[in-house]
Amino acid sequence: MSDRLSVFKTYKLFVGGKFPRSESGRVYEVTDSKGNWLANAPQSSRKDARDAVVAARKAVGGWSGATAYNRGQVLYRVAEMLEGRRDQFVAEVADAEGLSKSKAAAQVDAAIDRWVWYAGWTDKIGQITGSTNPVAGPFFNVSSTEPTGVVAVLAPQESSFLGLVSVIAPAIATGNTVVVVASEKAPLPALSLGEVLATSDVPGGVVNVLSGRTAEIAPTLASHQDVNAIDLAGAEADFAKELEIAAADNLKRVLRPQGVDWAVTPGTERMTAFLETRTVWHPTGSLGAGGSSY
Amino acid sequence: MPTTVPAHGNDAAGRLTELADVTASDSALRRFLHGLPGVDAVGLEARAASLGTRSIKTTAKAYAIDLAISMIDLTTLEGADTPGKVRALAAKAVNPDPTDRTSPRTAAVCVYPDMVATAKAALTGTDVKVASVATAFPAGRAALPVKLADTRDAIAAGADEIDMVIDRGAFLAGRYMDVFEEIRAVKAECGDKARLKVIFETGELSTYDNIRRASWIGMLAGADFIKTSTGKVAVNATPSNTLLMLEAVRDFRALTGVQVGVKPAGGIRTTKDAIKFLVLVNETVGEEWLDNHWFRFGASSLLNDLLMQRQKLSTGRYSGPDYVTVD
Amino acid sequence: MSFTYAPAPESRSVVDIAPSYGLFIDGEFTEATGGKVFKTVSPSSEEVLSEVAHGSAEDVDRAVKAARKAFEKWSALPGSERAKYLFRIARIIQERSRELAVLETLDNGKPIKETRDADLPLVAAHFFYYAGWADKLDHAGYGANPRPLGVAGQVIPWNFPLLMLAWKIAPALATGNTVVLKPAETTPLSALFFADICRQAGLPKGVVNIVTGDGTTGAALVAHEGVNKVAFTGSTAVGKAIARTVAGSDKKLTLELGGKGANIVFDDAPIDQAVEGIVQGIFFNQGQVCCAGSRLLVQESIQDELLDSLKRRLSTLRLGDPLDKNTDIGAINSAEQLARITELADSGEAEGAERWAPACELPEAGYWFAPTLFTNVTQAHRIAREEIFGPVLSVLSFRTPAEAVAKANNSQYGLSAGIWTEKGSRMLAVASKLRAGVVWANTFNKFDPTSPFGGFKESGFGREGGRHGLEAYLDV
């Protein structure tokens with residue numbers, strides 16, 4: 001064992017592709033499962049939440065307008081970058097969740113594979129959610145899905161990394177941008193994920209990571225008029241109800257908290273929750289009396 | 001095809017009278033413009049991008065660089081322009097590379113009307129032209145008599161070329177005849193003293209169909225050049241809008257025998273970009289337009305990049321900004 | 001002085017072609033039984049590029065057995081693991097794409113501009129797309145847990161050697177099948193380089209086997225009893241022979257065959273873009289494309305104007321060294337193909353159609369054919385009915401939409417068609433009447449891994465690409 005003194009990392013928020021401290025200047029102490037100090041995490045304010053929404057909104061046009069193929073490549077790149085920093089995340093998850101090294105490794109591996117899973121969905125989800133509709137008339141009628149817009153996400157409190165990835169990836173795979181509130185007691189893997197996203201061709205603002213008190217930040221996001229949807233995965237039932245009521249102000253799409261086993265391969269629900277269906281009608285010519293009225 | 005004459009040639013007006021019925025009334029002009037073939041944006045942009053992949057190397061590159069330099073309307077259009085700035089620009093136009101006298105001159109310098117006299121004096125005895133923006137450039141939001149006076153002033157001060165802006169408001173409101181008549185009036189003001197470049201501000205016209213229609217209005221009204229932009233809005237010259245305008249001058253000449261020039265302006269800063277435009281010219285309208293009488297670049301910083309590339313070709317070393325002049 | 005482009009050749013040094021190649025069976029390169037070989041040449045120069053093993057029926061048997069052995073484990077892998085192998089392959093193809101583009105241009109004769117900007121990006125994209133399906137088959141609409149078929153015997157053509165390989169191998173592997181692939185006799189090299197990519201990706205032995213050879217090798221493969229699935233892209237004549245071969249067996253069959261695509265231009269078309277689309281439709285890859293728009297159907301009222309524009313445009317096409325980055329038209333793939341194009345073009349003249357080609361100097365060595373168009377063509381001419389598979393466009397006219405549809409459909413084939421009009425309802429109505437598997441509107445020859453491709457009528461059956469492309473490799 002070397003007696004070299006290690007260099008601590010200052011954990012920062014990830015907003016608009018940059019790494020700011022909380023505008024409030026506040027931090028809170030993050031400890032491991034045994035109560036040992038790990039780091040001081042930024043304690044985001046309502047203004048930080050507002051800034052994150054602005055960044056997320058600004059990124060919607062470019063990200064939702066990128067080809068599905070391109071988004072798939074970017075998500076796959078995240079998996080590649082994470083693979084290279086696997087050891088770091090294993091250590092952070094082990095500390096955060098009080099897991100053995102091998103159990104933490106299983107969480108991280110599953111999280112990497114989850115990026116791959118959603119990377120493959122970007123150009124397929126539209127193929128299973130869309131349809132052509134045989135309307136009774138001379139019309140071409142096609143339904144297709146598109147992203148809702150800005151999605152606020154309360155990351156699961158217990159699963160600091162696999163759960164986190166499992167709620168971010170589906171929302172952005174389809175072209176939404178997100179503001180995610182990290183697990184309150186275990187925010188460090190989420191803040192480190194920001195560093196990975198920043199070097200993975202994910203455009204700035206597509207994912208914005210806030211740490212702090214969920215109870216303080218979440219109501220701001222739930223009531224924000226420029227947020228289109230909210231995933232309440234990380235909220236307790238009573239609090240979730242309160243947030244859902246606030247979300248009704250601008251009729252946000254709401255994904256309620258539900259018991260999810262993050263280890264199991266997900267279905268498509270977390271993608272379809274944040275998609276809008278648009279149906280286009282267009283006349284076709286019809287064969288008239290003369291045989292050709294088109 | 002009829003024999004070709006330039007838009008400022010003696011015979012051009014006569015050629016255009018053959019199309020007089022097109023411009024006989026507001027509704028006739030509208031019908032004509034809306035009868036032009038549509039433009040498919042994806043296809044147009046794909047064609048422009050595909051020509052952008054041409055690889056121009058060695059001797060071809062040397063030829064293209066010199067040609068591009070000779071086609072530049074070296075431009076300064078700032079509120080802060082002074083006689084000193086304009087004289088420095090004129091000196092650069094005449095002698096772009098002080099270390100290499102074989103460099104071609106630029107085609108013109110382009111300034112505001114009140115700087116024309118200064119530019120003219122500085123360029124006396126050279127073949128570099130003085131171009132002046134006019135007609136309440138860049139917005140064009142002034143009454144017609146003001147625009148005509150603006151034009152007259154510039155010509156009186158010695159401008160060889162007038163770069164006018166069209167009334168985009170009238171165009172977007174569908175008053176095509178107003179746009180046409182205004183260009184005609186400015187053209188009449190230019191007479192045989194100055195060649196007229198008509199700026200559409202393609203970024204404000206917004207659709208390719210509009211750019212094609214504006215091109216035809218300009219050509220029907222007697223433009224010597226059609227020009228993309230003022231350089232003062234977000235989207236200026238692009239390969240796609242320039243390709244579209246090249247197709248318009250090609251088709252116009254096929255129909256009337258009158259040849260009109262094209263000037264992309266704004267946003268062309270690198271040798272690589274300039275060569276892409278020359279490839280567009282070469283493969284759309286051919287070598288008859290590969291001359292500064294028929295094709296111009298409205299640019300300022302482009303010149304230094306061309307000069308640095310030129311130095312690279314002659315010395316084999318990459319040049320740097322310290323080896324070209326800042327004017 | 002004119003603007004003459006100096007030569008801009010892509011460097012050959014990025015690709016290292018070995019003097020000889022064996023068959024890739026069970027993860028190893030091996031000689032053919034009896035050591036039989038054949039040469040592969042560069043069509044633009046007739047230079048011999050390499051010597052390649054000529055697989056016999058015995059070699060095919062070895063390859064099928066290797067694939068069968070590998071099938072058990074490969075099909076039992078979780079889909080997510082198969083996905084990761086395919087993602088690796090996609091990434092390595094991206095990394096090596098310049099090398100593969102140059103190789104493909106050397107072996108096939110097509111311009112580097114096309115291999116670089118079309119073939120290789122599509123190859124990588126195809127692997128990416130099907131990689132993503134490997135662990136999502138439950139969502140593909142074929143019921144829960146759809147099963148693979150087993151060993152797929154795949155025979156591909158020479159016009160897009162590596163792309164056709166991708167179209168065959170990517171969905172087969174994603175669904176859990178193993179493959180034996182027979183590349184075309186004149187273009188075996190990129191498939192053999194692909195074998196090396198499989199090695200770099202760590203793909204288990206025997207999952208992909210490449211057996212080079214000629215028609216007899218392909219025939220042995222499709223007839224082999226151990227093959228559960230036959231996929232063929234090529235001529236309609238061979239496709240029919242294969243259909244007879246597999247008749248009465250349990251083999252699942254998909255065929256992607258010839259075409260005589262109609263490109264229909266209405267009088268309200270965006271003319272400049274239509275001209276580009278016509279050029280793209282028939283001169284892309286020297287017209288050696290099964291879905292080429294080889295029949296131009298133009299509304300009579302704009303025929304003269306359109307033909308003037310088209311001829312002017314054809315005069316700017318640059319034919320020559322395929323490795324030159326400014327070349328638009330490369331070499332014809334083989335002497336045999338050149339002879340076929342020449343014979344059919346001559347028949348066009350003999351039958352009274354009017355032949356036109358731009359002034360165009362053809363290189364002395366290699367196989368070349370100038371871009372050519374025929375006017376005054378009628379439906380009765382051979383050049384309006386038979387697939388030429390070369391840079392030859394037959395121009396016919398029509399008066400009404402109904403006539404356009406009738407002429408377009410008047411063919412044994414039904415692979416592709418194009419429609420050029422600014423009027424949406426006309427486009428949709430005509431599209432719905434065309435008996436063709438792919439209809440492009442105001443564009444042509446566009447491909448994407450998410451988009452199904454395949455023919456009606458004698459252009460074959462089954463679809464490649466998209467969700468539909470999975471079906472050919474699943475027991476559903």
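This note goes through the chain contacts, several helices and a few backbone features of a predicted model.

1. Basis of the model. Because the model is predicted, local features are reported only at pLDDT of at least 70 and side-chain atom pairs only at pLDDT 80 or more, whereas totals for chains, interfaces and linings use all residues. Residues are numbered from 1 along each chain as its sequence is written, and chains are lettered from A, with ligands numbered from 1, in the order in which they are written.

2. Which chains touch. Two residues are taken to be in contact if their C-beta atoms, placed from the backbone, lie within 7 Å. There are 2 pairs of chains in contact, and of these chains A and C share the most contacts. Chain A and chain B do not touch, their nearest C-alpha atoms being 15 Å apart.

3. Chain C against chain A. Here 26 residues of chain C are in contact with 22 residues of chain A. Two or more residues each are given to the side of chain C that touches chain A by α2 (79-95), α4, α13 (401-409) and α14 (424-433) of chain C, where helices (H or I, at least four residues) and strands (E, at least two) are DSSP runs numbered from the N terminus. The largest share of this side, 7 residues, comes from α14(C). By class, the side of chain C that touches chain A has 12 nonpolar, 9 polar and 5 charged residues; Ala, Val, Leu, Ile, Met, Phe, Trp, Tyr, Cys and Pro count as nonpolar, Asp, Glu, Lys and Arg as charged, and the others, Gly among them, as polar.

4. Chain C against chain B. This contact takes 21 residues from chain C and 24 residues from chain B. On the side of chain C that touches chain B, α4 (112-133) and α9 (271-283) of chain C each supply at least two residues, and the largest share, 5 residues, comes from α9(C). The classes on that side of chain C are 7 nonpolar, 8 polar and 6 charged residues.

5. α9(C) has 13 residues and reaches 18 Å from its first C-alpha to its last, close to the 18 Å expected at 1.5 Å a residue, the expected span being 1.5 Å times one less than the number of residues. All of this helix is buried, 13 of the 13 residues, so α9(C) is largely enclosed by the rest of the structure; a residue is buried if 20 or more other C-beta atoms lie within 10 Å of its own, exposed if 12 or fewer, and partly exposed in between, with C-beta atoms placed from the backbone. In the loop between α9 and β12 (295-299) of chain C is Asn285(C), which has a positive phi of about 55° although it is not a glycine. Asn285(C) is buried, with 24 other C-beta atoms within 10 Å. Gln286(C) lies in the loop between α9 and β12 of chain C and has a positive phi near 55°, in a residue other than glycine; with 33 C-beta neighbours inside 10 Å, Gln286(C) counts as buried.

6. Helix α9(B). Residues 176-190 of chain B form this helix of 15 residues, which reaches 21 Å from its first C-alpha to its last, close to the 21 Å expected at 1.5 Å a residue. Its buried residues include Tyr176(B), Phe180(B), Glu182(B), Lys187(B) and Cys190(B), and among the elements that cover the buried residues of α9(B) are α2 (26-35), α7 (144-156) and β5 (161-165) of chain B. Just after α9(B), Gly191(B) takes a positive phi of about 50°.

7. Helix packing in chain B. Helix α4 (residues 58-70) and helix α14 (residues 302-315) of chain B pack at an angle of about 150°, with their axes 10 Å apart; axes are lines fitted to C-alpha atoms, for helices over the stretch in contact, and angles run from 0 to 180 degrees between N-to-C directions. α4(B) and α14(B) are therefore roughly antiparallel to each other, a term for angles over 145 degrees, while those under 35 count as roughly parallel, 65 to 115 as roughly perpendicular and the rest as oblique. The residues of this contact of α4(B) with α14(B) divide into 7 nonpolar, 1 polar and 2 charged.

8. A cis peptide bond. Phe137(B) and Pro138(B) are joined by a cis peptide bond, with omega about 0°, and Pro138(B) is placed in the loop between β4 (129-134) and α7 of chain B.
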